[in-house]
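Let's take a walk through this structure together, one region at a time. Keep the sequence at hand as you read.

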Amino acid sequence: MSLLQVSDLTFCYEGSFDNIFEEISFSIDTDWKLGFIGRNGKGKTTFLNLLLGKYEYTGSISTDKYFDYFPYQISEDEMDKTIDELSEKWKPGVESWRIVCELNSLGTDSEILYRPVSTLSHGERTKAMLAVLFSGDNEFLLIDEPTNHLDITGRDIIKNYLAGKKGFILVSHDRDLLDAVTDHMLVLNRETIEVMSGNFTTWWENKEKADAFAIAENEKHQKEIGKLRSSADRAGRWADKNENTKIGYDPIKEHDRNISTRAYIGAKTKKMQSRVKNFEKRIDREIEEKEGLLKDIERVDDLKLMPLKHHKKCLVECTDFSLGYGSENIFTGVSFLLMQGDILFLNGSNGCGKSSLIKAIINNVNANAPEKNYEEQIPGIDDEQSENGSPREKMNTSGVLTTASGLVVSYVNQNTSHLKGSLKDYAEKNGLDYSLFLTLLRKLDMNRIQFEKNMEEYSEGQKKKVLLAASLLTQAHLYIWDEPLNYIDVFSRMQIEKLIETYKPTMIVVEHDVRFREKLATRILEM
């Protein structure tokens, strides 16, 4: 058994006034399968980089293990190289036969090692990198969001593969993945850091019980403080009133009073003042016990949505619809009706045409509203690319695809690379009320400090929240979200689930989070 021990770790980025970590201490066994969760921007990736020695910090991190990190970085100049060529750079001294064995465990042919990286899909790159990652010895592995952009089949392969491994930290917001592969959880709470045994569901159930107990204890202390304050106030007023009777009296009304009565009144007043001081001490004690009870409570604000009502019940009709690029057919014979109130999930493997179908629908909406500028109407949509990132030829279609006239669409792109500049400029460009935009980002747990930064400095999760906030502020008949939850933290996922359950907007969604889909889908289109 080997331990990773963190003692009094403190870190902040240069030029920042706020510490990311402040005197945190914990220890973990490097044989654990450790799930690592926390709010977006809380410091998960930063902590992994601290383990890798990328930043200076105070405190100590000690272990006899080496660290390696997923995903490996690939520069533009390296896109024409093969994984076999890059593996020596990523993990010096790695043996090719061990990488091949790991690929076999992933159910993947070793030929992907010898193809240029530019020709590999997201899933193939992920599998190849994981195979290299697990090909070393005496390492504690740091795995950061391995299932983003993967379809359900790809996620299942990664899930089954990691379930058979140990000795890693896994950063993920996929509840299904965390439950399947972890045996311990490392949690960045609001003010503390927590290590516990069990998977995500075990931790969540314990957290709900702990939060309920903390809230009940807080309410009990609040009531007790209220009672004590009331009693102290009554006793104080009585003591003051009594003290005022020591000097001067009405001989007619108080005919039995004499000189010794003054001493008696003073003693009684002193006793009552002593009681007031005891009340105040008990109040201080109650306040002290109350402090900290709610410090790690996740205050998740309810979100609001104002979907528009369309005069037609059917918003999108698709009959025997086929789509391709040049001579390449992506899909054929797709048929469905999207009625108001439907939440339609598009399901299928990467490259099956989910995003292409979305683009075709948006193109049709735009064609029905020629007086509007396309980019202004649906900001953020980009030219369709093949799965490996290369541009595709012009889209060609056949069959029937119609959308209701005057349809207003709110679109969330899976790509965040277009987000640049300030939030204010972004809001103005997209016709958003800036104050409401910031309010909604706060409800999504975006720190106010981030509002002063350019979006290029945001984490991927924070960029996704910008796109979601913009979509939620847009009144629309139809909300089209393409992989909206990539990098989004667990608490925000639950927050968005509750929003959709409450307001029931008409939606077309591409999302591989199994629990999100199972909870919300009214219809699923298998492609």
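In helix H1 (residues 44-51), 7 of the 8 residues are buried, so the helix is largely enclosed by the rest of the structure. Here, buried means under 20% relative accessible area, with exposed being over 50% and partly exposed in between (1.4 Å probe, protein chains only). The buried residues of H1 are Lys44, Thr46, Phe47, Leu48, Asn49, Leu50 and Leu51. After H1 comes Gly53, with a positive phi near 80 degrees. Helices (H or I, at least four residues) and strands (E, at least two) are DSSP runs, numbered from the N terminus.

A word on where these values come from: this is a predicted model, in which local features need pLDDT of at least 70 and side-chain atom pairs count only at pLDDT 80 or more, while totals for chains, interfaces and linings use all residues. Residues are numbered from 1 along each chain as its sequence is written, and side-chain values use heavy atoms, leaving out hydrogens and water.

Now turn to the largest nonpolar core, which has 40 residues; Leu130, Phe134 and Ile143 have the most contacts inside it. Such a core is a set of buried Ala, Val, Leu, Ile, Met, Phe, Trp, Tyr and Cys residues joined through side-chain atoms within 4.5 Å. Helix H4 (residues 122-133) gives the most to this core, with 6 residues. Leaving aside neighbours within four places in sequence, Phe134 is in contact (heavy atoms within 4.5 Å) with Glu102, Leu141, Ile143, Tyr161, Leu162, Lys165 and Phe168. Another core, of 37 residues, lies apart from this one, and includes Phe345, Met455, Ala469 and Phe516.

How do H4 and its partner H5 cross? The axes of H4 and helix H5 (residues 152-163) come within 11 Å and cross at roughly 10 degrees. That makes H4 roughly parallel to H5, a label for angles under 35 degrees, as against over 145 for roughly antiparallel, 65 to 115 for roughly perpendicular and oblique for the rest. Axes are lines fitted to C-alpha atoms, for helices over the stretch in contact, and angles run from 0 to 180 degrees between N-to-C directions. Thr126, Lys127, Leu130 and Ala131 in H4 meet Ile157, Ile158 and Tyr161 in H5.

Finally, look at the open sheet, where 5 strands are ordered E14-E15-E16-E12-E17 with parallel pairing. Strands pair if DSSP finds at least two bridges between them. Strand E12 (residues 343-347) and strand E16 (residues 507-510) share 3 bridges, and Ile343 has Met507 in E16 as its bridge partner.
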